[in-house]
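Hello,

Here is the structure I said I would pass on. My notes follow below it.

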Amino acid sequence: MALLTDAELGSWGTGHIVRTMFPLLVVLCGIVLWAGITLEDAGDLLDRYGLLAVMVPAMIGMGGNLGSILSARLSTRLHLGTTTFDPTDRLLWANVAAIFALAATIFTALAVVVWLIGRLVGTTLTLGQLLWISLASGLSVAAIAVVASVVATYGSYRLGIDPDDTTIPIVTNVVDVFGMLVFLAVSRWVLVG
Amino acid sequence: MQPRGVFWSIYREALPVLAITLLGGLCSGLVLSGLLDSVADFPGLLVMVPVFLATRGNVYGSLGGRIATGLHQGLIQPRFEWNDRLVNAIIASGINAVGISIVIGSLSWGVLRLLGREPAPLRVLVGIVLIASLLTAVVMIVGLLTLLFAGYKTGRDPDNLVGPIVTTLGDVFGMAFLFLAVVIVEVLVS
């Protein structure tokens with residue numbers, strides 16, 4: 001097969017992808033650094049309640065996942081020309097409703113599984129406390145993920161940028177930072193008062 | 001498709017994958033709680049954890065999103081072959097992953113210095129992220145493409161798979177290789 005020229009490759013060229021992505025990656029790094037510093041500052045809380053450290057990656061990862069599912073669907077629908085961003089578009093609302101249903105299911109499961117791990121290692125967090133922490137922060141993160149997905153996809157589309165290059169990074173990182181802040185704040189509030 | 005059908009199709013397709021992601025996240029969390037012991041030796045390590053994990057998501061999430069759209073548009077076939085678009089996308093994600101890991105180490109070090117903290121030496125922090133990201137790159141690229149192609153061939157919408165696959169593989173292997181990198185650097189430094 002003959003090699004395609006850069007012009008034929010268009011947005012699939014290595015140089016094009018790196019030039020589009022790398023500056024964005026650097027900016028996103030700077031944003032998520034905030035989550036890192038929040039985590040480092042919460043060291044005392046993590047030392048006291050080791051189960052919270054176990055929850056951290058699942059918690060922030062899940063928010064990002066929910067956002068990515070929605071963004072990837074929205075951006076492919078844009079590419080295929082079937083999304084309109086009309087607030088009366090019932091298919092858009094079906095997507096959003098599915099995200100919240102998934103969040104409620106998964107964050108309940110997270111609390112239960114972490115509670116079981118806690119029973120094994122013998123910590124004092126109750127199922128009620130874990131459900132509170134998981135669902136209160138989880139559903140807030142889902143709401144942030146939905147808003148971020150719609151805004152980022154629509155924004156890229158209006159600015160003429162391929163949403164595949166931008167939306168998932170923006171959404172997952174925004175959700176990472178807020179997920180960490182909300183999770184640690186809710187945990188502190190439930191456990192310390 | 002009717003809204004009710006769309007709702008259930010997303011829920012049914014995403015739930016099993018999210019459940020696997022949840023398990024991945026929990027494994028990663030157990031590694032993180034093990035890593036807490038090394039934080040005293042390498043101040044700044046905890047700051048890099050979310051940034052490192054997020055970057056895995058960014059680089060390979062973008063690769064996955066691109067491949068998913070390529071599959072939908074018929075520009076890419078669901079198999080490993082010398083396709084110029086596929087090769088370019090893979091090389092670009094490798095360059096981005098390694099390049100950004102140097103930025104992560106330097107930026108974390110710089111910001112901690114600015115905040116008046118005492119981070120571990122610059123070369124130690126950069127060394128840890130660089131080793132972790134090289135190891136992660138190999139597993140992520142092979143794993144992501146294998147799972148996406150397999151999913152697509154069995155009739156699943158790759159859009160629903162990308163995020164969860166990237167987060168699960170990225171969290172599990174990212175944390176495991178970060179842990180390994182810390183062990184390697186501990187040996188090299190001492």
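**Interface of chain B and chain A**

About 5,800 Å² is buried between chain B and chain A, and carbon and sulfur atoms give 72% of that area; buried area is the accessible area (1.4 Å probe) that two parts lose on being put together, summed over both. This is a predicted model, in which local features need pLDDT of at least 70, side-chain atom pairs count only at pLDDT 80 or more, and totals for chains, interfaces and linings use all residues. Residues are numbered from 1 along each chain as its sequence is written, chains are lettered from A in the order in which they are written, and side-chain values use heavy atoms, without hydrogens and water.

In the contact (heavy atoms within 4.5 Å) are 66 residues of chain B and 65 residues of chain A. One salt bridge is found across the interface: Asp41(A) and Arg117(B) meet through their side chains at 3.4 Å, N to O. The rule asks for a side-chain nitrogen of Lys or Arg within 4 Å of a carboxyl oxygen of Asp or Glu.

On chain B, the elements giving two or more residues to the side that touches chain A are helices H1 (3-35), H2 (45-73), H3 (84-114) and H5 (158-189). Helices are DSSP runs (H or I, at least four residues), numbered from the N terminus. H1(B) gives the largest share, 18 residues.

H1(B) also bends by about 35° at Leu15(B), with a proline, Pro16(B), following within four residues. The bend is the angle between axes fitted to the seven residues ending there and the seven starting there.

Regards
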